[in-house]
Amino acid sequence: MTIELGRVGIFRVATQADGALAAEVEKLGYGALWLGGSPGGDLAIVEQLLDATERLVVATGIVNIWADAPDGIARAFHRINEKHPDRFLLGIGAGHPEATQEYKKPYAALVEYLDALDAAGVSKQSRVLAALGPKVLKLSGDRTAGAHPYLVTPEHTRSAREILGDGPLLAPEQKVVLDTDVERARTTGRGGASFYLQLSNYVANLRKLGFADEDLAGEGSDRLIDALALHGEASTIADGLRAHLDAGADHVIVQALGDDPFPAYRALAAELL
């Protein structure tokens, strides 16, 4: 890839990101800021964040293919890339059947969307796919720079690397809670992770990773929450993030939960960067 992500990035919902946040993330030494919440349309927030920084890569995690047509996204991509070359990574994905009425044959829809981006001149090396299962993971390696799995463990990272093989980017997301009070940290973790237990794609993937009905019921078992939202002091969390890198990730994306993510980002920068 010509886009340099570094080994560690930050995840933030697009509506909670602004130039000041991006500048602080860059100052701390993180390589990329990933925008969640399906930032689409003209991708103005991406341009705003790049304008506020000098080296930071901004990535979408993800643009939802059901919400934004590929021709409009391609125009936005070219506008941004011309102004800030090799600093914008376009992450796209099919979302979830529970959230999108149009959700039909998502694999075929992803292929069609990638075909349209090809026709519009959006480089394969400037885009990634949200991917969990083997079929879309393989597609991400064949048709894009690589995969951006969300809500996964190092065990998934290891199996994803085996499917992708050497070369394609593998950039998993990992939630963290900087708190040594176990029960309080688990409460925060559930606040950031339990919503996804209503979404069948994630539940199916977690079952494949060895989590059982009792883990996935309600707001999730302690075992599940401890895996999805690493907690403790910064050194303990850093070890958990390194586990993704050791399992084959090229870049791990840290999502700090809680009202103020920056204490965690500052502490983890000291451990990892």
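A cavity here is a set of grid points where a 1.4 Å probe fits but cannot get out. The model is a predicted one.

**Exercise 1.** Find the volume of the largest cavity and list the residues that line it.

Solution. Start with the count: there is 1 cavity of 30 Å³ or more. The volume of the largest cavity is about 30 Å³. Next, read off the lining, which consists of Leu 151, Val 152, Glu 173, Gln 174, Lys 175 and Leu 228. Sorted by class, these are 3 nonpolar, 1 polar and 2 charged residues. Finally, assign them to elements: β9 gives the largest share, 3 residues.

**Exercise 2.** Determine which strands pair with β11 and in which direction they run.

Solution. Take β1 to begin with: 3 bridges join β1 to β11, and the two run parallel. Within this pair, Ile 10 is opposite Val 254. Then take β9, which is parallel to β11 and joined to it by 4 bridges. Here Lys 175 has Gln 255 as its bridge partner. Now check burial: 5 of the 5 residues of β11 are buried. Val 252, Val 254 and Ala 256 lie on one side, Ile 253 and Gln 255 on the other. In a regular strand, side chains alternate between the two faces of the sheet.

**Exercise 3.** Explain why the buried residues of α12 are on the same side of the helix.

Solution. List the buried residues of α12 (262–272): Phe 262, Ala 264, Tyr 265, Leu 268 and Ala 269. They share a side of α12 because they cover an arc of only 150° around the axis. Residues three or four places apart point the same way, since an α-helix has 3.6 residues a turn. Last, identify the cover, which includes β1, α1, β9, α11 and β11.

Note on methods:
Residues are numbered from 1 along each chain as its sequence is written. This is a predicted model: local features need pLDDT of at least 70, side-chain atom pairs count only at pLDDT 80 or more; totals for chains, interfaces and linings use all residues. Side-chain values use heavy atoms; hydrogens and water are left out. Buried means under 20% relative accessible area, exposed over 50%, partly exposed in between (1.4 Å probe, protein chains only). The arc is that of the directions from the helix axis to the C-beta atoms. Contact means heavy atoms within 4.5 Å. Two strands pair if DSSP finds at least two bridges between them. On a 1 Å grid over the protein atoms alone, a cavity is a set of points where a 1.4 Å probe fits but cannot get out, and a pocket is an open set with protein on both sides within 12 Å along at least five of seven lines; lining residues have an atom within 4 Å of a point. Grid points are joined across faces, edges and corners, and a volume is the space filled by probe spheres set on the points. Ala, Val, Leu, Ile, Met, Phe, Trp, Tyr, Cys and Pro count as nonpolar, Asp, Glu, Lys and Arg as charged, and the others, Gly among them, as polar.
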